[in-house]
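Visitor: I'd like to learn how to read a structure like this one, feature by feature. Could you walk me through it?

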Amino acid sequence: MNPCLMNPAALAALRDERIDWRFRSAAPALTGLTLTEAADGRLNLFTDGFFAPFVVLDDEALEHNLRTMAAWCAARGVVLAPHGKTTMAPQLFARQIEHGAWGITCANAGHLRVYRAFGVSRILLANQFLDPSGLRWLAAELAADPDFEFVCWVDSVRGVELMTEALEGTERPVDVLLELGADGGRTGVRDTATALAVAEAVHASPALRLRGTGGYEGALSHDTDEAALAKISSYVDGLRDLAITFADKGMLDGQIIVTAGGSAYFDQVANELTKPWPDGLDVLPVLRSGAYVTHDDGFYRQISPLGDHPRIDGVESFRPALRAWAQVTSKPSDTLALLTIGKRDASFDEGMPEPQLRRTPNGPAEPLDGHVVAKMNDQHAFLTLPAGSPVEVGDWIGLGLSHPCTVFDKWPLLPVTAADGETVVDLVRTWF
């Protein structure tokens with residue numbers, strides 16, 4: 001199997017971008033410097049002029065999560081195509097690939113274009129791809145680069161017809177996976193008869209090639225009780241059954257790809273996809289977990305197989321690698337303080353930010369217990385203060401964040417900090 005690759009020149013050019021007013025939290029001292037020069041400066045978040053609020057990445061936690069997931073996948077006999085929409089950060093894609101990622105997953109044509117700008121050589125688009133302009137652009141990319149591998153979903157005969165029409169006359173067929181859905185889920189076929197009809201349409205298309213099955217189990221549950229996990233396993237078994245059915249009918253071409261596995265149930269998916277397959281079937285089980293790279297202090301901390309309640313034995317849990325810092329801008333009463341961070345800056349869709357640290361203007365960060373962010377406006381967070389709270393106007397509050405997928409899109413440039421949580425050792429550029 002060829003490794004996934006990226007374009008080193010494009011990654012190097014990214015680091016040559018110069019910092020300016022577009023990056024609202026960057027210290028003025030960094031203006032005019034490249035990302036590389038800024039990282040080499042080893043500035044301090046609090047004493048060298050960064051503007052509050054800001055969100056930072058913990059370099060040691062990132063590396064721990066990358067190593068942990070890579071080692072676990074290798075031991076379980078699955079490959080990883082992490083969903084890049086979590087970060088949209090080519091620098092982090094490169095680190096995931098360095099740790100053995102088989103490919104990178106995207107959600108739409110815009111993502112695909114960004115990935116290809118940085119030379120990602122194997123991309124899985126986890127949706128039915130119907131945009132005719134995007135398909136024609138994809139066809140040109142495939143024709144120009146024989147090493148570029150691409151696969152996307154199909155879930156309807158009409159979708160197959162639209163893709164075939166848009167791809168008429170293309171040199172290379174586009175690889176597709178039949179997407180299986182489920183009641184209560186999102187896209188994907190709901191029954192075997194429809195799946196066979198779609199597969200037959202792909203088999204008859206001169207522009208498409210059926211490679212296997214895929215889907216997303218994470219929409220089926222947000223729980224980890226026995227019933228929820230059984231539901232996930234049953235769904236993945238359906239992916240297996242469809243792939244075997246298609247193989248028996250001679251509809252599949254090349255190595256069979258079967259893929260699922262968001263960040264909440266990748267253990268259950270791996271359990272099912274690594275069960276014995278019928279003799280003669282060459283099956284590649286692919287996970288697409290993306291949020292593992294930073295983990296979180298909320299939703300995934302509670303539900304991940306390697307979170308606070310691990311379902312995997314003998315493997316160290318992931319570590320949260322995202323933290324927001326904001327200042328106390330107002331303390332209108334003994335029970336309320338307002339922070340300079342809001343919905344424009346931090347995630348709130350899967351839980352409020354979690355106050356964890358307090359740093360006085362001139363002192364070190366110390367643990368902060370018993371404080372809660374009760375709500376957020378566009379630019380403010382309402383911090384509930386317990387009796388005897390030490391929080392004062394001007395203090396810095398360090399916040400854990402839930403659901404990384406709705407954090408990265410708010411920050412085009414994120415500082416990466418050393419073990420002290422303050423020294424900036426790198427800067428990560430995002431492209432949303």
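Predicted model: local features only at pLDDT ≥ 70, side-chain atom pairs only at ≥ 80, totals over all residues.

Visitor: Where does L357 sit?

Guide: L357 belongs to strand β12, residues 354-359.

Visitor: And which residues does L357 touch, leaving aside neighbours within four places in sequence?

Guide: Its contacts include R323 and W325, then A365, E366, P367 and L368, and also W396, I397 and G398. You can check a distance too: between the C-alpha atoms of L357 and H371, 14 residues apart along the chain, there are 9.9 Å.

Visitor: Now the backbone. Which residues have a positive phi although they are not glycines?

Guide: R42 is one of them, with phi of about 50°, and H295 is another, with phi of about 55°. R42 lies in the loop between α2 and β1, while H295 is in the loop between β9 (283-287) and α11. As for accessibility, R42 is partly exposed at 44%, whereas H295 is buried at 3%.

Visitor: Which peptide bond is cis?

Guide: Look at the one from A52 to P53, where omega is near 0°. P53 is placed in the loop between α2 (35-40) and β1 (54-58).

Visitor: On to pockets. What's the general idea?

Guide: You roll a probe the size of a water molecule over the atoms, and that shows where empty space is left. In this model, the largest pocket has a volume of about 710 Å³.

Visitor: How many residues line the largest pocket, and which lie nearest its centre?

Guide: There are 38 lining residues, with H83, K85, R186, Y216 and Y300 nearest the centre. By class, the lining has 16 nonpolar, 16 polar and six charged residues. β4 (122-128) and α11 (299-303) each supply at least two residues of that lining. Domain 1 and domain 2 each contribute at least three residues to it.

Visitor: What about the second largest pocket?

Guide: Its volume is about 320 Å³. It is lined by 18 residues, and E149, F150, D175, R209 and R211 are the closest to its centre. The lining has 11 nonpolar, one polar and six charged residues. At least two residues come from each of β4, β5 (149-154), β6 (174-179) and β7 (208-214), and β5 gives the largest share, three residues.

Visitor: You mentioned domains. Which stretches make up domain 1 and domain 2?

Guide: The domain assignment gives 8-58 + 318-429 for domain 1 and 103-289 for domain 2. Their C-alpha centres lie 37 Å apart.

Visitor: How should I read the interface between two such parts?

Guide: Its size is often given as the accessible area lost when the parts come together. Here, domain 1 and domain 2 bury about 290 Å² between them, with 81% of it on carbon and sulfur atoms. In terms of contacts, five residues of domain 1 meet four residues of domain 2.

Technical notes: Residues numbered from 1 in each chain as written. Heavy atoms only, no water. 1 Å grid on protein atoms, 1.4 Å probe; cavity = no way out; pocket = protein on both sides within 12 Å on 5 of 7 lines; lining within 4 Å. Points joined across faces, edges and corners; volume = space filled by probe spheres on them. Helix = DSSP H or I, 4+ residues; strand = E, 2+ residues; numbered from the N terminus. Nonpolar A, V, L, I, M, F, W, Y, C, P; charged D, E, K, R; others polar. Domains from an automatic or database assignment. Contact = heavy atoms within 4.5 Å. Buried area = accessible area lost by both parts, 1.4 Å probe. Buried < 20%, exposed > 50% of the residue type's maximum accessible area, 1.4 Å probe, protein only.
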